[in-house]
Amino acid sequence: MSCSFVSYLLITVLSTIFRCRKNMNNLVLSLAPKFTRLQTLILRQENPQLKDSAVETISKFCQDLQDLDLSKSFKLSDRSLYALAHGCPNLKKLNISGCTSFSDEALAYLTNFCRKLKILNLCGCVKAATDHALQAIGRNCNMLQSLNLGWCDNVGDLGVMSLAYACHDLRCLDLCGCVRITDDSVIALANECLHLRSLGLYYCRNITDRAMYSLAHSRVKNKGSMWESSMKGRYEDDGLKSLNISQCTALTPSAVQALCDTFPALHTCSGRHSLVMSGCLNLTSVHCACAVQAHRTFNTIFHTAH
């Protein structure tokens with residue numbers, strides 16, 4: 001390993017995607033005090049080894065940390081979140097997906113100190129991701145741009161609406177498997193989060209046409225920036241680019257088609273699927289503009305040839 005590469009690690013980034021079976025915790029304990037200017041640390045694990053003592057050491061010595069990945073660290077407890085709250089206030093990106101032992105109280109406490117968070121992954125954090133925690137995130141982390149709440153089935157409308165009213169720069173939100181949410185959550189997001197580009201609603205079976213029409217109407221509400229973008233040739237760059245409504249069986253073709261027509265970046269055509277509707281057999285007639293155009297072109301060529 002070259003000296004320049006070692007220097008680069010010391011100053012800016014250490015990405016440790018360890019696959020060692022016995023030594024990860026001890027390795028972090030020994031290395032963290034030597035990497036005091038660390039900004040990025042990836043401790044993603046296949047076999048959970050990381051303990052609270054390692055995160056406490058990281059928090060003590062790596063106070064410039066901005067990006068931390070602790071995903072699948074099943075052995076960690078609330079002690080780790082309390083340590084991060086006091087030791088790493090500059091965190092901008094935090095991935096604790098699959099950390100099932102964290103509580104919502106500890107997560108809410110963390111947000112009181114880590115107010116610069118822009119990207120937060122809570123996928124599978126069923127105890128931590130509750131309406132109480134989301135209210136705290138809304139109060140304290142208004143710079144948030146991306147939030148993954150996949151399969152957090154304690155999340156309800158109160159929490160999502162609190163986020164929508166406070167985090168106006170939210171761009172990516174995954175609510176897949178959040179079975180308690182209703183149209184009220186989506187309507188709040190449509191009205192308040194005009195920069196929203198990606199929304200996951202897989203298996204949110206309480207979602208109805210009302211939510212789809214509210215999203216479509218949000219584009220009209222945002223017509224000022226739409227006009228500026230169209231003048232610059234970026235019309236398709238604004239608004240929803242990705243939407244997953246798989247297993248949302250209450251939706252009808254007319255509402256989803258209206259949404260698809262409103263947002264040109266939502267595609268159903270082959271190779272560009274950004275509107276995902278798996279398991280919605282009643283939505284097979286919904287097509288994006290380019291898919292319709294391709295079908296017309298094919299028919300024209302076919303009829304001309306015969």
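Ring pairs join Tyr 82, Tyr 109 and Phe 113 into a cluster, where rings of Phe, Tyr and Trp (its six-membered ring) pair if their centres lie within 6.5 Å. The model is predicted, so that local features need pLDDT of at least 70 and side-chain atom pairs count only at pLDDT 80 or more, whereas totals for chains, interfaces and linings use all residues. Residues are numbered from 1 along each chain as its sequence is written, and side-chain values use heavy atoms, with hydrogens and water left out.

Four aromatic pairs are present in the structure. Tyr 109 and Phe 113 form a tilted pair, with 5.1 Å centre to centre and 45 degrees between the planes; planes under 30 degrees apart count as stacked, over 60 as edge-to-face and the rest as tilted. These two residues are separated by about one helical turn because they lie four residues apart in helix 5 (residues 104–113); helices are DSSP runs (H or I, at least four residues) and strands likewise (E, at least two), numbered from the N terminus. Tyr 109 is partly exposed at 27% relative accessibility, as is Phe 113 at 34% (buried is under 20% relative accessible area, exposed over 50%, partly exposed in between; 1.4 Å probe, protein chains only).

Trp 151 and Tyr 202 form an edge-to-face pair, at 5.7 Å centre to centre and 75 degrees between the planes. This pair links distant parts of the chain, 51 residues apart: Trp 151 lies in the loop between strand 6 (146–148) and helix 7 (157–166), and Tyr 202 in the loop between strand 8 and helix 9. Trp 151 is partly exposed at 44% relative accessibility, and Tyr 202 is partly exposed at 26%.
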